[in-house]
Amino acid sequence: MSVTVKSASEIERMREAGRLLEIVHDELAKIIRPGISTWEIDHEGEKMIRSFGCTPNFLNYNGYPASICVSVNDEVVHGIPKKSRILKEGDIVSLDAGLIYKGFHSDAARTYGVGKISPEAQKLIDVTRESFFRGLEFAKAGNHLHEISAAIGNYAESFGYGVVRDMVGHGIGRALHEDPQIPNFAQKRRGIRLVPGMTLAIEPMIDAGTWEVEWLDDEWTVVTADGSLSAHYENTILITDGEPEILTLSH
């Protein structure tokens, strides 16, 4: 495993990639409403990414056919946007997006309620987001990678939720997916020691029911095995000499 440590100039480019991706997410959040198609969300997201002079890094990645992964309700990740898929009141929708700025990638995901959602759905979204921040507390130089994993998983599981095991977070930089893999649940080993300059995409994927998942026939869309709701929250972060820096979240 070779984990890249970024130089000062590389970090600056990753900061900008993260800043621009945050704008994309903030703008897409404003158009989430009953009646919009998942295709429209993807279309607007790609248009915005290209308006910044950037490239959507998901488009054609291993054959994925869109720029924004739009996953609804029991879809965990990698939902394919469609004109026929219309969001309705009470749905929850996860948007996973990334872009390339001057050769460097950013990656972030958010889950939103569509219109008025159930208290149970809102709690799942909130706990998933908070589990990221519980993990982030351990994202410091000198700590070990799997301290992040355990903190995320222990928090989410304390609510009786299922923590997805088939997909994990990852390193990020010149490639969208770099070493190391970052599970969202406790590991038997401590994992690598974190050092300043590492850039990581930490992304809890949390299910209201079982952690087990299945792939649909499109070979992309991952759904919960029991049909329960799933939420996703992700940011690209930088390990520093002090507190971690979130590159895709400034507020």
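Glutamate 219 sits in the loop between β11 (213–215) and β12 (222–224). Strands here are DSSP runs of E with at least two residues, and helices are runs of H or I with at least four, numbered from the N terminus. The phi of glutamate 219 is near 65°, a positive value in a residue other than glycine. Is glutamate 219 buried or exposed? It counts as exposed, at 65% relative accessibility. By exposed I mean over 50% relative accessible area, by buried under 20%, and by partly exposed in between, with a 1.4 Å probe and protein chains only.

Before I go on, the source. This is a predicted model, in which local features need pLDDT of at least 70 and side-chain atom pairs count only at pLDDT 80 or more, while totals for chains, interfaces and linings use all residues. Residues are numbered from 1 along each chain as its sequence is written, and side-chain values use heavy atoms, with hydrogens and water left out.

Asparagine 62 also has a positive phi, of about 55°, although it is not a glycine. Its loop is the one between β1 (55–56) and β2 (68–72). With 64% relative accessibility, asparagine 62 counts as exposed. One more backbone point: the peptide bond joining aspartate 179 and proline 180 is cis, with omega about 0°. Proline 180 is in strand β8, residues 178–182.

Now the sheets. Strands pair through backbone hydrogen bonds, either parallel or antiparallel. For two strands to count as paired, DSSP has to find at least two bridges between them.

Take strand β9, residues 199–202. Thr199 and Ala201 on one side are buried, and so are Leu200 and Ile202 on the other, which leaves both faces covered. In a regular strand the side chains alternate between the two faces of the sheet. β9 pairs with strand β7 (residues 169–171) in the antiparallel sense over two bridges, and the β9 partner of histidine 170 is alanine 201. β9 is also joined to strand β14 (residues 235–238), antiparallel, by four bridges; there, threonine 199 has leucine 238 as its bridge partner.

Next, an open sheet of three strands, in the order β6-β10-β13, with antiparallel pairing. Its edge strands are β6 (162–163) and β13 (230–232), each pairing on one side only. β10 (residues 205–207) and β13 run antiparallel, joined by three bridges, and isoleucine 206 stands opposite alanine 231 in β13. What packs on this sheet? Helix α3, residues 119–136, does, touching β10 and β13, and its direction makes about 35° with that of β13. Contact means heavy atoms within 4.5 Å. Axes are lines fitted to C-alpha atoms, for helices over the stretch in contact, and angles run from 0 to 180 degrees between N-to-C directions. Buried residues of α3 include Leu124, Ile125, Thr128 and Phe132.

Last, the cores. A nonpolar core is a set of buried Ala, Val, Leu, Ile, Met, Phe, Trp, Tyr and Cys residues joined through side-chain atoms within 4.5 Å. The largest has 23 residues, and those touching the most other members are Ile32, Ile41, Leu87, Val93, Leu95 and Leu99. At least two residues of this core come from each of α1 (8–31), α2 (38–51), β2, β4 (92–101) and β5 (104–113). Neighbours within four places in sequence aside, isoleucine 32 has contacts that include Ile41, Leu87, Val93 and Tyr112. Another core, of 16 residues, lies apart from the largest one, and its members include Ala139, Ile152, Tyr233 and Ile239.
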